[in-house]
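Colleague: I would like to learn how to read a model of this kind, one feature at a time. Please give the general idea, then the case at hand.

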Amino acid sequence: MKKIIILIVLAFSAFLSQAQTTTLKAGDAAPDFKLKNIDNKEVSFATFPKAKGFIVVFTCNTCPYAVAYEQRIIDLDNKFRPQGYPVIAINPNDPEAQPDDAFNKMQELAKNKKYPFPYLFDAGQKVTDQYGAKRTPHIFIVSKSAKGNVVEYVGAIDNDPEGTKTEKIKYAEDVIESLKNNQKPAITQTKEIGCTVKRKVKA
């Protein structure tokens with residue numbers, strides 16, 4: 001019985017930490033950051049001075065949904081980085097809560113999968129909280145403007161988390177195509193699909 005009570009308390013604590021985080025929406029300013037990449041160098045928006053915008057995706061090593069979207073995230077970078085919209089991947093999970101998302105494990109995965117984009121570690125989950133990322137993967141498409149970096153879209157990469165649909169709605173690609181044509185995206189928010197961000201239990 002004691003173990004059941006402890007599990008309930010832990011689950012409720014995780015729920016509260018998620019509920020207290022407000023997710024950015026289209027039109028909001030996109031906070032800049034400076035996080036350690038897998039090559040031990042710090043990366044920020046300024047790392048890409050010629051970029052027109054960014055595909056910021058909170059993802060991880062371990063979530064089955066993140067694994068399912070891994071190649072699609074690589075494909076997004078390969079397609080849109082040359083057009084001015086690079087992928088910046090950020091691991092939001094605390095390694096105490098999920099050891100296989102530790103920095104050295106990130107390095108191993110990125111090397112094995114030959115990630116063409118930076119894969120950043122959000123120590124302390126500060127950036128995760130600033131953006132309000134709640135799941136992996138959770139995508140934020142950002143554009144540069146006279147007002148600074150602005151969020152244009154928040155949510156899922158597409159409507160096919162299982163990767164089985166023959167016809168899928170490619171939300172991320174559609175948004176970037178609109179931005180490239182100086183148009184506002186028709187869809188600016190969808191429901192994020194994935195595992196909840198893993199946080200260590202506070203004492």
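Colleague: What is the order of the strands in the open sheet?

Modeller: Strands here (E, at least two residues) and helices (H or I, at least four) are DSSP runs numbered from the N terminus, and two strands pair if DSSP finds at least two bridges between them. In this predicted model, local features need pLDDT of at least 70 and side-chain atom pairs count only at pLDDT 80 or more, while totals for chains, interfaces and linings use all residues. Residues are numbered from 1 along each chain as its sequence is written, and side-chain values use heavy atoms, with hydrogens and water left out. The open sheet has seven strands in the order E2-E1-E5-E4-E3-E7-E8, with mixed pairing. Strand E2 (42-43) and strand E8 (148-155) stand at the edges with a single partner strand each, so one side of each has no neighbour in the sheet.

Colleague: Which elements does the protein chain hold besides that sheet's strands, and how do they run?

Modeller: The protein chain has five helices and nine strands. From the N terminus on, the elements run α-β-β-β-α-β-α-β-α-β-β-β-α-β.

Colleague: In what sense does E3 pair with E7, and in what sense with E4?

Modeller: With strand E7 (residues 138-145), E3 pairs in the antiparallel sense over six bridges. In this pairing valine 57 stands opposite isoleucine 139, and glycine 53 stands opposite serine 143. With strand E4 (residues 87-91), E3 pairs in the parallel sense over four bridges, and phenylalanine 58 stands opposite isoleucine 90 there.

Colleague: Which hand does the β-α-β unit of E3, H2 and E4 have?

Modeller: The test is to look with the strands pointing away from the viewer: a crossover is right-handed if the path from the first strand over the helix to the second runs clockwise. E3, helix H2 (residues 64-80) and E4 make a right-handed unit.

Colleague: Is E3 buried or exposed?

Modeller: Buried means under 20% relative accessible area and exposed over 50%, with partly exposed in between (1.4 Å probe, protein chains only). Six of the six residues of E3 (residues 53-58) are buried, so the strand is largely enclosed by the rest of the structure. Both faces are covered, with Gly53, Ile55 and Val57 on one side and Phe54, Val56 and Phe58 on the other. For the protein chain of 203 residues, 46% count as buried.

Colleague: How many aromatic pairs are there?

Modeller: Rings of Phe, Tyr and Trp (its six-membered ring) pair if their centres lie within 6.5 Å; planes under 30 degrees apart count as stacked, over 60 as edge-to-face and the rest as tilted. The whole structure has 11 aromatic pairs. In one of them, phenylalanine 48 and phenylalanine 54 are edge-to-face, 6.2 Å centre to centre with 70° between the planes. Phenylalanine 48 is buried at a relative accessible area of 19%, and phenylalanine 54 is buried at 0%. Phenylalanine 58 and phenylalanine 140 also form an edge-to-face pair, at 5.6 Å centre to centre and 80° between the planes. This pair links distant parts of the chain, from strand E3 to strand E7, 82 residues apart. One aromatic cluster is formed by Phe33, Phe45, Phe48, Phe54, Phe58, Tyr131 and Phe140.

Colleague: How many cavities of 30 Å³ or more are there, and which residues line the largest?

Modeller: Rolling a probe the size of a water molecule over the atoms shows where empty space is left. On a 1 Å grid over the protein atoms alone, a cavity is a set of points where a 1.4 Å probe fits but cannot get out, and lining residues have an atom within 4 Å of a point. Grid points are joined across faces, edges and corners, and a volume is the space filled by probe spheres set on the points. The structure holds two cavities of 30 Å³ or more. The largest has a volume of about 50 Å³ and is lined by Thr59, Cys60, Ala66, Glu70, Ile73, Tyr115 and Phe117.

Colleague: Where is the cis peptide bond, and in which loop does its proline lie?

Modeller: Most residues other than glycine have a negative phi, and most peptide bonds are trans. The bond from threonine 136 to proline 137 is cis, with omega near 0°. Proline 137 lies in the loop between strand E6 (135-136) and E7.

Key
1 Å grid on protein atoms, 1.4 Å probe; cavity = no way out; pocket = protein on both sides within 12 Å on 5 of 7 lines; lining within 4 Å.
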